[in-house]
Amino acid sequence: MWIDTHCHLDAHEFGDESLAVAVRAAAQGVSMIVIPAVERANFSVVARLAASVPNASYALGIHPIYVPQAGEDDLLALRAAVADAMADQRFVAIGEIGLDFFLPMLSEPAMRARQEHFLREQLKIARDFDLPVLLHVRRSQDIVLKHARQIRPAGGIAHAFNGSFQQAQGYIDLGFKLGFGGAMTFTRALQIRRMASDLPLSAIVLETDAPDISPSWVHPGRNSPEQLPRIGQVLAELRGIAVDAVAVATSANARAVLPRLDY
């Protein structure tokens, strides 16, 4: 069985197919799909969606791309939503949170500082509730690491990891796992494929980030959690091990870093 640790199943690209996609993924052996929130407006959306199918759970957070339009009241709303969600067995983490220094609109100094403020406040919420975090680390691995070292949440996942081996070790030392998905399926993605091959298997979890980061056989089409087993097969080929071993190990890693998955 497989666990998709990061899938935006509520995204508009799925239209009214979200439930059908989850059912089809389950038929492919995807036993759990983690659906992260991205802004206050979809906190309740991801919770309802996760409750509607047996193979889904959710996280709550404010994505860095949504920080420009977010305010301090959204952070207060997040803390309140998390307090309420602690009684919900399908709630597993704070996320998607982090920093994005790739998009030009987010890279100016004032917006970088605003992103860091939102990241720190959300890391504090995670720490206060003893929850792991789902981290967005695009072009920002070292800065995210700095804040995680200072605030020390209960581990989590560096989503769509594309840093160095040194940065990877930094996350591992803090109790994080590293998320690998569709990017690893492209033969030209040499650094990602090297990390997928050489990092300890105990440090790796699988994800789709659907509808984004489609694997090579789908690109540029819509990604889906249905693709996770084939993505796992690529990881098995890169490491030269059986695909069943990858399924067992990555699922165990996901449950270890997201302990509330074991509901």
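1. Gly61 sits in the loop that runs between strand 3 (56–60) and helix 3 (72–85). In this predicted model, Gly61 has a relative accessible area of 0% and is therefore buried. Beyond its neighbours within four places in sequence, Gly61 is in contact with Ala37, Val38, Glu39, Phe43, Leu78, Gly95, Glu96, Ile97 and Gln122. Between Gly61 and Val257 the C-alpha to C-alpha distance is 17 Å, with 196 residues separating the two in sequence.

2. Leu60 belongs to the largest nonpolar core, which has 73 residues; Leu60, Ile94, Leu135, Tyr171, Phe180 and Met184 touch the most other members. The element that gives the most to this core is helix 5 (residues 109–128), with 6 residues. A second core of 13 residues is separate and includes Ile3, Ile157, Val205 and Ala254. Leaving out residues up to four places away in sequence, Leu60 touches several residues, among them Ala37, Phe43, Val46, Leu78, Phe91 and Ile94.

3. Helix 5 also packs against helix 6, at an angle of about 35° and with the axes 10 Å apart. The crossing of these two helices is right-handed. From helix 5, Glu116, Leu119, Arg120, Leu123, Lys124 and Arg127 meet Ile143, Val144, Lys146, His147, Ala148, Gln150 and Ile151 of helix 6. By class, the residues of this contact are 6 nonpolar, 2 polar and 5 charged.

4. Helix 6 (residues 141–151) has a further partner in helix 7 (residues 165–173), where the angle is about 20° and the axes are 10 Å apart. Angles under 35 degrees count as roughly parallel, and helix 6 and helix 7 are therefore roughly parallel to each other. Their crossing is left-handed. On the helix 6 side the contact is made by Gln141, Asp142, Val144, Leu145 and Arg149, and on the helix 7 side by Gln167, Gly170 and Tyr171. This contact of helix 6 with helix 7 divides into 3 nonpolar, 3 polar and 2 charged residues.

5. Which relative orientation do helix 8 and helix 9 adopt? Helix 8 (residues 190–198) and helix 9 (residues 228–239) pack at an angle of about 75°, with their axes 8 Å apart. The two are therefore roughly perpendicular to each other. Arg193, Ala196, Ser197 and Asp198 of helix 8 make the contact with Val234, Leu235, Leu238 and Arg239 of helix 9. The contact of helix 8 with helix 9 comprises 4 nonpolar, 1 polar and 3 charged residues.

6. One joins Gly95 and Glu96, with omega about 10°; Glu96 is part of strand 4 (residues 91–100). Both Gly95 and Glu96 are among the contacts of Gly61. Another cis bond joins His219 and Pro220, with omega about 5°. Pro220 lies in the loop between strand 8 (204–206) and helix 9.

7. Arg152, not a glycine, has a positive phi of about 60° and is located in the loop between helix 6 and strand 6 (156–159). Its relative accessibility is 51%, so Arg152 counts as exposed. Asp209, likewise not a glycine, has a positive phi of about 55° and is placed in the loop between strand 8 and helix 9. With a relative accessible area of 8%, Asp209 is buried.

Technical notes: Residues are numbered from 1 along each chain as its sequence is written. This is a predicted model: local features need pLDDT of at least 70, side-chain atom pairs count only at pLDDT 80 or more; totals for chains, interfaces and linings use all residues. Side-chain values use heavy atoms; hydrogens and water are left out. Axes are lines fitted to C-alpha atoms, for helices over the stretch in contact, and angles run from 0 to 180 degrees between N-to-C directions. Helices (H or I, at least four residues) and strands (E, at least two) are DSSP runs, numbered from the N terminus. Angles under 35 degrees count as roughly parallel, over 145 as roughly antiparallel, 65 to 115 as roughly perpendicular and the rest as oblique. A crossing is left-handed if the near helix is turned anticlockwise from the far one by less than a right angle, and right-handed if clockwise. Contact means heavy atoms within 4.5 Å. Ala, Val, Leu, Ile, Met, Phe, Trp, Tyr, Cys and Pro count as nonpolar, Asp, Glu, Lys and Arg as charged, and the others, Gly among them, as polar. A nonpolar core is a set of buried Ala, Val, Leu, Ile, Met, Phe, Trp, Tyr and Cys residues joined through side-chain atoms within 4.5 Å. Buried means under 20% relative accessible area, exposed over 50%, partly exposed in between (1.4 Å probe, protein chains only).
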